[in-house]
Amino acid sequence: MWYYEKKLQYPVKVSTCNPMLAKFLIEQYGGADGELAAALRYMNQRYTIPDKVVGLLTDIATEEFSHLEMIATMIYKLTKDATPEMLKEAGLGDHYVNHDRALFYQNASGVPFTATYIQAKGDPIADLYEDIAAEEKARATYQWIIDLSDDTDLNDSLKFLREREIVHSQRFREAVEILKDDRDQKKVF
Amino acid sequence: MTKKMPPEFYKQLEEIQAIDFVIVELNLYLDTHPHDYDAIQQFNENTEKSMKLKIDFEQKYGPLMNFGRSYSNYPFNWIDTPWPWQV
Amino acid sequence: MFTQYKSWRPYISPFDPCKPIEVKYYATPPQLYMGFQPPGLPQFPTAREALMAGTLWPQLFSPYPFPLKGGRKHD
C-alpha cells in the first residue's frame, strides 16, 4: 500500500501568472512521456520483471507520482486566479469550456490520456529499454518546456525534474546490466 | 481562512525536503548497489535525521502523513490547509 | 575537452525560407557515459545542494539550458 506525505518532493514556485505555460505543462501531466504514464508504466511492469529489479521499479514509480504532483501544482498555480479571458488568450478557451480550471489528464494538444502510452511487453530487456527511452523522452520534453518558459522560478523546478530523468535513466541502465550479468546462473547450475 | 504560513515553516519544510531527497537518491542507488555498506550507513543516518526533523515539524504545523504514520491533535488536524500544491 | 552537449552543422540551402541556424546542439548527459555507477563517488557537500541540483552526485549533474544553444537566454 501507499502512504501520502503532505509535502512536495521539491519546492514549486511560480513567479508570473502565465496560463500559457500551464498549457505546455499539461504535456507532462497526461502526455505519452509524462509523469502519469511513467508512474503507471513502472508500477505495472514490476509484476512480471525478475525479482532483482522490482525494488527499483517500485521506487521510481513512487517517485514519479511525486513528480506528477509537482506538475499538477505548477498547473494549479498558473491557472488558479486566471480569468476566463486570460485562459482564452493563452489558448485554453476550449479547456475552459470543458473543464473550467479543473486539471485533466491530456497532453498539450488536448488529446486525452490513454493506456496505449503504457508499454508492457513482458520481456525484461524490452521493458527496461522502453523505460530508458521514456526517461530520455521526458528529459527532452522538459528541455523544450524550459526553452519556451521565461519564468525563472518555474524553470528551477523544471530543471530539477529534468535532472531526475537523468538519474532514473542511469538506474534503469544499471538494471539492464544486472539482468545481463550471469553471476547467479553459475550458482543455479 | 486567510491563514498565512510563517517563514520558518518554509525553512523547515525545505530542510525536510533536502534530507528526504538524499534518502530517495540513496534508495534508488541501493536498489542497484545492495552491497554498498557506506551508502547503507548514510541511508540509515539520514533516515534518523529525517524522523527527528519531522517530529519537530509536526508538533508545530500538524501531521505530515496519513493512516497512522503521524500523530494527531484535537481536532483532527490532518485535514488542515495548506496542502502541498497550495503552499 | 568533454562537454555534455554536441554540435553539428546542418546543410544550408540558398532556398531555405528562415534565417539559417548554422550550428545545432543536442544534449549528451552523463548517464550515457557512466556505466554502472562506481561506489564512493564524490557527493554534494550538503543535502540542500543535492536537492537544488536534483542529484546527490555532481558527476550525474547536467546543466540546462546550455549556453551556446540558440534562442532565449536564461539566468
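Student: In chain B, what share of contacts between residues at least 6 apart in sequence join residues at least 24 apart?
Tutor: That share is 38%. Keep in mind that this is a predicted model.

Student: How much of chain B is buried?
Tutor: Of its 87 residues, 21% count as buried.

Student: What about secondary structure, how many helices and strands does chain B have?
Tutor: Two helices and zero strands.

Student: How does the radius of gyration of chain B sit against a compact globule of 87 residues?
Tutor: Chain B has 15 Å. A compact globule of that length would be near 12 Å.

Student: And what box do the C-alpha atoms of chain B fill?
Tutor: Roughly 50 × 25 × 20 Å, along the principal axes.

Student: Which UniProt annotation covers part of chain B?
Tutor: The record, an unreviewed entry, gives "domain: Protein CotJB" for residues 11-86 of chain B. That span is 62% helix and 0% strand. Its end C-alpha atoms lie 16 Å apart.

Student: Switching to chain A. Where does A:Ala72 sit?
Tutor: In helix α3 of chain A, residues 54-79.

Student: Is A:Ala72 buried or exposed?
Tutor: Buried. A:Ala72 has 21 other C-beta atoms within 10 Å, and the cut-off for buried is 20 or more, so A:Ala72 qualifies.

Student: Which residues does A:Ala72 touch, leaving out those up to four places away in sequence?
Tutor: A:Tyr29, A:Leu103 and B:Trp85. So the list includes a residue of chain B.

Student: How far is A:Ala72 from A:Leu25?
Tutor: They are 47 residues apart in sequence. In space it is 8.7 Å, C-alpha to C-alpha.

Student: Now α2 of chain A. Why is helix α2 described as largely enclosed by the rest of the structure?
Tutor: Because eight of its eleven residues, in the run 35-45, are buried.

Student: Which ones are buried in α2(A)?
Tutor: A:Glu35, A:Leu36, A:Ala37, A:Ala38, A:Ala39, A:Arg41, A:Tyr42 and A:Gln45.

Student: What covers them?
Tutor: The cover includes α1 (19-30), α3 and α5 of chain A.

Student: Last topic, chains A and C. How many residues does each give to the contact?
Tutor: Chain A gives 19 and chain C gives 20.

Student: Which helices of chain A supply at least two residues each to that side?
Tutor: α5 (124-148) and α6 (152-180). The largest share comes from α6(A), with 14 residues.

Student: How do the residues on the chain A side divide by type?
Tutor: Five are nonpolar, five polar and nine charged.

Note on methods. Residues are numbered from 1 along each chain as its sequence is written. Chains are lettered from A and ligands numbered from 1 in the order in which they are written. This is a predicted model: local features need pLDDT of at least 70, side-chain atom pairs count only at pLDDT 80 or more; totals for chains, interfaces and linings use all residues. Helices (H or I, at least four residues) and strands (E, at least two) are DSSP runs, numbered from the N terminus. A residue is buried if 20 or more other C-beta atoms lie within 10 Å of its own, exposed if 12 or fewer, and partly exposed in between; C-beta atoms are placed from the backbone. Two residues are in contact if their C-beta atoms, placed from the backbone, lie within 7 Å. The radius of gyration is taken over C-alpha atoms; the globule rule is 2.2 Å times the number of residues to the power 0.38. UniProt positions are given in the numbering used here, feature names are shortened, and annotations may be inferred rather than shown by experiment. Ala, Val, Leu, Ile, Met, Phe, Trp, Tyr, Cys and Pro count as nonpolar, Asp, Glu, Lys and Arg as charged, and the others, Gly among them, as polar.
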